[in-house]
Amino acid sequence: MNTVEPATGAKPARTNPVMMKWLKARGRVGRRAMGLAIVVPLVSACLTVAQAYLLATILHRAIVDQAPTASQATAVLGLAGLVALRALLAWIGEAAGIRAAEDIKQAIRKDLFAALMRRGPDWMRQRASGELASQILDQVEALDGYFSRFVPAMIAAAVVPVAIAIGLMPVDLVVGLLLLVTAPLIPLFMALAGWGAEAASRQHLTALSRLSGMFADRLRGLLVLKLFGRAEDEIVRVRGASDEFATRTLAVLRIAFLSSAVLEFFAALGVAGVALYVGLTYIGLLDLRGAELGLQAGLFCLLMAPEVYMPLRTLAAHYHDRASAKAAVTNLAAAFGSLPAVDEAIATPGVPWAPRGAIAVTARHLTVDTPDRGAIFADAMLDIEASDSVALLGPSGIGKSTLIEVLARLRGHQGRVELGGVALADIDEAALRRHVAALGQRSRLFHGTIASNIRLGRVDATDAELRAAAERACVLDFADRLPEGLDTPIGERGRGLSGGEAQRVALARIFLRDPALVLLDEPTAYLDRETEARVMRAVLDFAAGRTLLIATHSMAVAQLMNRICEIDGQRRIVSRVVAPTSLVMQGVA
Amino acid sequence: MRLLFSLYAKRSGGLLLALLLACLTLAAGVALFGVSGWFLTGAALATSAMTFNLFGPSAMVRGFSFLRIVARYGERLAGHSTTFKILSDIRVRIFSRLIPLVPLRAAAHRTGDFVARLTADVETLDMMFLQVVAPIATAILGALGLGLFLWIVLPDSVPVALIGFGLTTLFLPGLIVLAGRRSGAATVRTAAELRSAVLDGIDGHADLVALGAVDGARRSVDEAAAAVRTARLRQGRRIAFGPAFVVLGTGATAIATLYVGLSVLEAGRVSGPVLVGALLAVMAIFEVSGPILRGAGRLGAASAAARRVQSLVDMQPAVVDPARPVAVPGAGDIVFEKVGFTHGRDQTILTGLDLTLHAGERIAVIGESGAGKSTLLGLLLRLVDVDSGCIRIGGVDIRAVRQADLHAHVALLSQDAPVFIGTIRDNLRIADPAADDAALFAVLEKARLDGFVRRLPLGLDTWLGESGETLSAGQARRLCLARTLLSPAKVLLLDEPTAGLDRPTEAEFLADLLAVTTGRTLVLATHAALPDGAVDRVYRLEDGALTLEG
């Protein structure tokens, strides 16, 4: 198998300015902490200047004036005070950066999840849940360094070098000018270093993520490769791919590392230039200033020279944070289709709807197309009278669940569907949910207890009501055998429930509600006949005075209904009075 | 860590070069700053240009500057080039170790994100040398060099300088790692809770919408996100001590050295220029503390990653080849005899299952999902071994033959068969590297995918996966089916081959099974309705055993 990229391979998606703008807009959430994280390094730079000045003074007095050490104690203490203050500021700055990043990440996560929940079930069905969860967790986490480290470092790099150069002018014009002459160049070199570092980290990240992608791909399919006897060959390919990526990346890095050499060059030039200039001035070989230059001033200039380039170094060290953030934003935009607006409006409410008693269901010209299974309904029609009970039969995969999902407005469709004479599409979301109860084929149980899962049906249900609902749905059959009963934890870290048990828990939720229309998708699948009969008695009891539609494979269930419907080969819904026995055979599996 | 040591030993030359250059960079920087201070102070004290040796120091200043630039460049290049070699070594090592281990049986290895985590772990290990090992080694060597230098020029300051340097660059970062580890556990826990709250919301979205409970899910995600923030802030307050300690350590060491130096100067045992030079050298060497601190932050994650990878590499394969394997009989009945299989400790899947399958027969196995259909197929390939009973091909127990021979005899289309990154041709040729285009199109036709491939501008050379063409679920499934059909194996096991196909195509494929399998033995595990005559027999798998249908 090839490991090289396709000849026509598209470039990895680039971040567009809109995305970076979005990132900046998000940054406003953590404004206060961010402001602190930005200001602190600037204050700290001022203290660095004071510290260097004091140190130069002490050395001057000791060496030139030969002042006794004891007389310098105050100055040394002052130096210690400055150091302590700078350490404190360093802690504050770092903690503020972390806080800003955490505030921003929390806000982004909240918005992303809210945006996710606003999406229709159709959209959600086409995505892998693990992938989406990883976006909200891991991709958002990748924004961390951008806010906590990169942004403060960038501002410090833009301000501090120029400020120091100007600050040095009164001490020695030439040194100040030397640094200020490079000052207009600093943005240039910053860009140069930035481009270099960014190109390096981008190339590096792209290459690494490609390589990791391929490696993960082969690991995922390792069993298939092994079964076809190809795994050993693939080792050679893994090696080849790694080596090729290494060669290619290194070629880019060779140039990109020049940026660190450039930084090194300027830092060394600063120190060496100041040392030589000041030294030559002292011994009189160079005289560019009118007044005498003391040791104190000379040492001060020397001590400050590396500090000019320090912020640039810090920036270069954090440059990959920017690249990671850019990549993360690109990923988020790709996974969610669009980035959630910073202040997204709440969806507009639909037509208020308050049906009294059971409601009728009608569908005209109902057409449902799915990308992977083709047409499921084509111009189908359906009429269910209020208070009627209808069974929907047919082999699995024919579209029973789809019809239930359409009627519960969990799946997009074409044509007109009306509930109680009101167009389904117009009904207010909250009202729809209040009056229509739907049980899916594979209901999700959430982390929590059996009781907390049932209570999702009605949050304010009393314990007695909850227990009654659990009893009707035959949940107590298994729950009472557990040591903790209904309070048994379930979900990932709790006890696993079997398919039949989960389905009964989900059914119990519905028994807590007061719907006008009840839609049940295979409520008795996985149940033995005796339990099925008890569950169905409870369902029929509950459905009195409501409209009921049950998708089922079980003839025993179907015969309890007033009417039986079926989806035929023309993808329409047809009524039938007597069900042929062959249907039962086909219906299994 | 054992894994890393053996990998580093293999590339020790390159690593030592990178380390040497890193030390040289540090030494040049320290020397440049020190010499500058010495020269500058000396010049200030010189009474005239005649008595001052100008050329030595100024040559040294220029020399060290140049050395510093070159050494920095070389260090980065050497370090990365060796890291890339190690990166390749790690992947090859893990890949080859995993071959005998798949399929991994532990539950932790079956989740979808196992591969993602392993890949991330490997990436963490890639950068271990550059980010963690090299800075720490440089600091230790730097301390030795500094000690030696001070011992010559300013012996009195050796203890304070070395203690200060050691505390700042080695001890305090270690302390921060330890502190971070404890609060790190809370971060990991809250992140896991957030993940499951998010997954609840996504997986249960339809239920939440139907129940009108979306707001509740949003609230619980908000709470979990807030908990993550709190935990991370607590950790952040500890991490923030890192930079503060560097400032404090650097400053305190410089002040202590200065104070000691001043009294030595007063006593006349050191000259002013030498004192300034030594002091500036001490200050300059603290430049290594930045990378160390960043590296220390990563140490916890890196050692956890190393532990996970090591435990994987140390695993023993569950299924092993016999010492003296026999050949797989070319033809012969496949017989399952009283086969029992239990999943984990107590989840019984198969109990006393009997099945005889004559060469060239086609059978279908139906049953509820979770009944054990896929397990049944896996047992025939020894993906796992039976717990009781045995499986024979032509009278030979499959545990007596080499796995590779068995795999060549029996081909499987599994439910989760992947499409690999690569071209369509690459994907198909996994089953038969020698197949020509005619053979590839023949199997694509059988899988009802030939029309699609012919319509692609690049045909069989179309790139799939990352940055290439993406296939729909149905197309991907058919490509994997075509791949299995291309295999020269005599026995085909197809697990839900028509999942993801639309109904007419599914019916067409199943009606055509006879032609598709070309006289090979076939076991079909399926939910689909089978047309008459598609297979010779249909079995239902229920309660761990097979019963004949119809």
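Biologist: What makes Phe300(A) count as buried?

Modeller: Its relative accessible area is 4%. Buried means under 20%, exposed over 50%, and partly exposed in between (1.4 Å probe, protein chains only), so Phe300(A) at 4% is buried. The model is predicted: local features need pLDDT of at least 70 and side-chain atom pairs pLDDT 80 or more, while totals for chains, interfaces and linings use all residues. Residues are numbered from 1 along each chain as its sequence is written, chains are lettered from A and ligands numbered from 1 in written order, and side-chain values use heavy atoms, without hydrogens and water.

Biologist: Where in the chain are the two partners?

Modeller: Tyr53(A) is in helix 2 (residues 31-63) and Phe300(A) in helix 11 (residues 295-317), both of chain A and 247 residues apart. Helices are DSSP runs of H or I, at least four residues, numbered from the N terminus. Tyr53(A) has a relative accessible area of 41%, so Tyr53(A) is partly exposed.

Biologist: What makes the pair of Trp91(A) and Phe241(B) tilted?

Modeller: The planes of Trp91(A) and Phe241(B) are 45° apart, with 5.8 Å centre to centre. Trp91(A) is partly exposed at 24%, and Phe241(B) is partly exposed at 38%. Together with Phe245(B), these two residues form one aromatic cluster.

Biologist: How do you know that the charged end of Arg546(A) sits over the ring of Phe542(A)?

Modeller: The rule asks for NZ of Lys or CZ of Arg within 6 Å of the ring centre and within 35 degrees of the ring normal. The charged end of Arg546(A) is 4.2 Å from the centre of the Phe542(A) ring and counts as sitting over it. Arg454(B) lies over the face of Phe441(B), at 4.0 Å from the ring centre.

Key
Helix = DSSP H or I, 4+ residues; strand = E, 2+ residues; numbered from the N terminus. Phe/Tyr/Trp six-rings, centres within 6.5 Å; stacked < 30°, edge-to-face > 60°.
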